[in-house]
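Please look through the structure shown below together with its sequence, and keep both at hand while reading. The notes that follow are grouped by topic, and each can be checked against the model.

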Amino acid sequence: MADLSCLDSYVALTATCTRLRQTFGAAFEVWTEAGSRWEPVCGTMADELDADLVLWLDSKIDALRSGQSASLNLGDMRTLVAIPITDDGAPITIALGNVRVDPARLAAAAGNMLRSSLLSSAEVSDLNLTVDEYRRQVTADFEERTYLRQIVSYAEDCEVTRPLSDVADEILPELKSLTSVRALYLVAPLADETTEEAVPGRIVSGVATKPVPESEVLALIRRFANSKSTRPSVRAAARCPELRELCPSADTFAMTTLIRDGVISGWLVAIDRDLVPDAQEFETGGPSEFELGTVEASLLESTGILLTSHAQNRQHFAEKEHLTTELVRSLVAVLDARDEYTFGHSDRVAAMARQLAASVGLLPEECETVYLSGLLHDLGKVGVADDVLLKPGQLTDEEFAQIKEHPQRGYDLLKRLEPLKDMLPGVLHHHEAWDGSGYPRGLAGEEIPLIARLLAVADAFDAMTSNRPYRNGIPLEKAQQILTDGAGKTWDAELVERFIEQLPRMIELCQTSRQRTDRLLHRGGEFVRENHEPLVVGEIEKAISLRGASHHSRSAAADASLLQ
């Protein structure tokens, strides 16, 4: 039975009549219901049906509308056959034919029609299976493309400083869901002490429905990993008995090596489908729907390539950071070489400022920026004449004006170096004062960048407690008092409070730096009591609680303001 939408042309209806004539050996006409009468469509020259025929069709109309054929014995071995060729409700269209009752011919016609019906059913069934498979494949392809787009987008937005394990923690759960594997692991490499080649170290990220022992995962990598390319290794226990020897709980696995330019960043390992197979599935030696295959291996490889890119980008960034740090240290060495008494000052300020930054909640990378800025904060003093910078006595107004130019000079020296741009606010503004009385811009309060406020406190403390050719460093308790008195005036009060809370740690940092400096310069130098005897770390807590003491002449007052 055909849909009217498929027989909406005269040609199609004529073809239907032709097929019926070939089947029954008789001509057929097509009529369509039009209210209380029937109108011809094709196959006839008549304008209307015989009244008796109309009455007969009316008596069979319900059966015809339900899709059933009707027949009327005309005698003399002939039968009138009415076959509905639409089933979309009223009005109905039928094919009418006067068929000779020939048992043999009718049996053959019935057989042909049955065969045609069976073939059509089989074709429809096959087509449905094909459509279902196609639908599943399209859905899988769409999910795979969506996953790949997501991880590429994630990689573009991901901070290059994030550890590889953190990136894997974000990606692997989605990959596990997409591939329906039981366990998925990222394994980090170690350098073999003998060959210096990368060997599996430990699992650093993973997601599993049923975990696999780390020792078994590492054994699989050592035996089957491709150490030359990202091409995945795929094995199943049915064809690789060694698999069960290395990993008794595994039936199948796939892995890819995170490698580029000969450098291995790790391995990505998937083990088993997250299904429960029949025990005999892996004994036949043939492929099984429970085995991992090319689709899973391809997704594993794509993910591995992305993780490799991140690992290498992070390594390149670390190398760049190291180069920047070495550049900074070289610049600082130029300044330190001018005066052995200020040698190490920048290192001590940087270390204390970094510790202070951590105490107020800055992120590790922000603390590192503070540290580098501390190393560079006095670089502008390379432009100050030696007779002014190293002068042991009181400075004149003109000489003090030269000293005050060093933040701007340092900024101008560094501003064209792109890797150092984040350090510039500390270099330029570390002599600004909370009340606006500082230089070079006269900024006040929170107008002063935080990095500069951190450096200002550390810089003042080291300037006051360090020895100079013209004076010894002032006692620890006196330096603490000056900081306390200047809180909210010269320095950020909150930072001063945090600094004093951590004074024991600050002293340890300074003493470590001074010891390093002393070894380089072959001299001794420590924090002092008021009588200039060494102040050991064990006495720090007692010293913190002390208050009072007189200023030294220029050394205390001048250095506290100049912060040299």
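In this predicted model, the side chains of Lys421 and Glu418 meet in a salt bridge, with N and O 3.0 Å apart. Lys421 is partly exposed, having a relative accessible area of 45%, whereas Glu418 reaches 53% and counts as exposed.

**Salt bridges**

- Side chains of opposite charge can pair when their charged atoms come close.
- Arg65 forms a salt bridge with Glu33, and the closest N and O atoms of this pair are 2.7 Å apart.
- Because Arg65 belongs to helix α3 (residues 61-65) and Glu33 to strand β1 (residues 28-34), their pairing ties together parts that lie 32 residues apart in sequence.
- Arg65 is partly exposed, with a relative accessible area of 35%, while Glu33 is buried, with a value of 13%.
- Lys391 is paired with Glu399 in another salt bridge, where the closest N and O atoms are 2.8 Å apart.
- Glu399 counts as buried, since its relative accessibility is 16% and the cut-off for buried residues is under 20%.

**Helix α16**

- Helix α16 covers residues 476-486, and nine of its 11 residues are buried, so the helix is largely enclosed by the rest of the structure.
- Its buried residues include Leu476, Ala479, Ile482 and Leu483, and also Glu477, Lys478 and Gln480.
- After α16 comes Gly488, a residue whose phi is positive, near 85°.

**The second largest cavity**

- Rolling a probe the size of a water molecule over the atoms shows where empty space is left.
- A search of the whole structure finds two cavities of 30 Å³ or more, and the second largest cavity has a volume of about 50 Å³.
- Which helix gives the most to the lining of this second largest cavity? Helix α15 (residues 450-465) does, contributing three residues.
- Among the residues that line the second largest cavity are His429, His430, Trp434, Ile448, Arg453, Trp491 and Asp492.
- Sorted by class, the lining of the second largest cavity is made up of six nonpolar, three polar and three charged residues.

Technical notes
Residues are numbered from 1 along each chain as its sequence is written. This is a predicted model: local features need pLDDT of at least 70, side-chain atom pairs count only at pLDDT 80 or more; totals for chains, interfaces and linings use all residues. Side-chain values use heavy atoms; hydrogens and water are left out. A salt bridge is a side-chain nitrogen of Lys or Arg within 4 Å of a carboxyl oxygen of Asp or Glu. Helices (H or I, at least four residues) and strands (E, at least two) are DSSP runs, numbered from the N terminus. Buried means under 20% relative accessible area, exposed over 50%, partly exposed in between (1.4 Å probe, protein chains only). On a 1 Å grid over the protein atoms alone, a cavity is a set of points where a 1.4 Å probe fits but cannot get out, and a pocket is an open set with protein on both sides within 12 Å along at least five of seven lines; lining residues have an atom within 4 Å of a point. Grid points are joined across faces, edges and corners, and a volume is the space filled by probe spheres set on the points. Ala, Val, Leu, Ile, Met, Phe, Trp, Tyr, Cys and Pro count as nonpolar, Asp, Glu, Lys and Arg as charged, and the others, Gly among them, as polar.
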